[in-house]
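Hi everyone, thanks for making time this morning. Please have a look at the model on the screen before I start talking.

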Amino acid sequence: MAENHTNQKILEALHIDGRASWQRIAEAIDENERTVARRGNALIADGTVKIVAFNVPAHGFVLSINSGPGQARMTSMALSKLDSTMWVHLTTGTSDVIGAVAVPVAEQEEFLLDEIPAIPGVSEWQAYPVLSYLRTARTWRPGVLTSQQRLGLIESCPQAPELKLGFEIDLDNEDATILKVLKEDGRQSYDELARQVGTSVATVRRRLDRLRREGKLQIRAAIAPCHLGLGAEIVMWLRVRDSDIELATRALVGDDTIKYAVRIAGDWTFVLKFDVVDRRLVDEFLDSREWTKYVQSSSMSLVVATTKRNNTKSS
């Protein structure tokens, strides 16, 4: 049990800063550095966690898809293969598949009219335009580390206060190369980054820190919630009165137990994701959330499988 808890602490530390050194993580969680390095490397090697880099090239859509009988897994896998998809879940409830995509405005017509209908197995679908991103996984608190342990890692992590989107992302050739390399391995060494970019270690370190601080490049740990002791992943659609949208937005932004929340256009107001230890505890979780008092109606889905998480396809 103690070993598993240590692994969970390492995973949450990597969630906060996927490029933090094992020494820095060991100091933050008060564990032996050799133990942290050994276990951390093992967690990466066996696929429990993958550290990836990405950016968000455009505001996108949240997709709600229904498939033909027995075709949901095929549909989710096909959707996951698209470069535009950020995450894809197979779910219970009114949708077989729920996913998020980032599609530049110039490409939206082709994506909505041609690409989605061509996905194998799709029978019905709805695309909800994202109006604003309220919360993303980078600010999520899984609840394993103490506030002090989290603070120590956050303070040393180069991270922008806000997510950059679309036209705000301007990468030159060297920055684009850094992103390309780190998409495959977010913990790639500075020496290897410098070799592939064709510059010095000091320069590539400075460039990467700048990209992260400006929010143009995200380093993210792709971790299934079960590895953090969270047995149920929930997707929830909320409908809120127009007069309460601003208040609900503030409450959602301030709730760090919410992993993902966006304001959307359509017959729902928000879509969000959160995790609980057991699905029987969902009502207990919701009873303690401030934003629930603004909800007129809602629809809840349980994630039963994930084919893409944080821009990383599941094995």
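I'll go through some helix packing and then the cavities.

A quick word on the ground rules. This is a predicted model, where local features need pLDDT of at least 70, side-chain atom pairs count only at pLDDT 80 or more, and totals for chains, interfaces and linings use all residues. Residues are numbered from 1 along each chain as its sequence is written, and side-chain values use heavy atoms, with hydrogens and water left out.

Let's begin with helices. Two packed helices are described by the angle between their axes and the distance between the axes. Helices here are DSSP runs of H or I with at least four residues, strands are runs of E with at least two, and both are numbered from the N terminus. The axes are lines fitted to C-alpha atoms, for helices over the stretch in contact, with angles from 0 to 180 degrees between N-to-C directions.

Helix 2, residues 22-29, packs on helix 6, residues 147-155, at about 150 degrees, and their axes are 8 Å apart. The two are therefore roughly antiparallel (under 35 degrees is roughly parallel, over 145 roughly antiparallel, 65 to 115 roughly perpendicular, and the rest oblique). Their crossing is right-handed, meaning that the near helix is turned clockwise from the far one by less than a right angle. Who touches whom? From helix 2 we have Arg24, Ile25, Ala28 and Ile29, meeting Gln149, Gly152 and Leu153 of helix 6, where contact is heavy atoms within 4.5 Å. By class, that contact has 4 nonpolar, 2 polar and 1 charged residues. Nonpolar covers Ala, Val, Leu, Ile, Met, Phe, Trp, Tyr, Cys and Pro; charged covers Asp, Glu, Lys and Arg; the others, Gly among them, are polar.

Now to helix 7, residues 173-184, which packs against helix 9, residues 201-213, at about 80 degrees with the axes 11 Å apart. That makes this pair roughly perpendicular. Here Glu174, Asp175, Ile178 and Leu182 of helix 7 meet Val204, Arg207, Leu208, Arg210 and Leu211 of helix 9. That contact divides into 5 nonpolar, no polar and 4 charged residues.

Helix 7 also crosses helix 8, residues 190-197, at roughly 130 degrees, with axes that come within 10 Å. So helix 7 is oblique to helix 8, and the crossing is right-handed. On the helix 7 side are Glu174, Thr177, Ile178, Val181 and Leu182, and they meet Leu193, Gln196 and Val197 in helix 8.

On to the cavities. How many cavities of 30 Å³ or more does the structure hold? There are 2. A cavity is a set of points, on a 1 Å grid over the protein atoms alone, where a 1.4 Å probe fits but cannot get out, and lining residues have an atom within 4 Å of a point. Points are joined across faces, edges and corners, and the volume is the space filled by probe spheres set on them.

The largest cavity has a volume of about 320 Å³. It is lined by 23 residues, and the closest to its centre are Trp87, Ala137, Arg220, Tyr260 and Asn310. This lining has 15 nonpolar, 4 polar and 4 charged residues.

The second largest cavity has a volume of about 100 Å³. Its lining includes His15, Ile16, Cys157 and Arg220. Strand 6 gives the most to this lining, with 3 residues. Happy to take questions!

Terms used. On a 1 Å grid over the protein atoms alone, a cavity is a set of points where a 1.4 Å probe fits but cannot get out, and a pocket is an open set with protein on both sides within 12 Å along at least five of seven lines; lining residues have an atom within 4 Å of a point.
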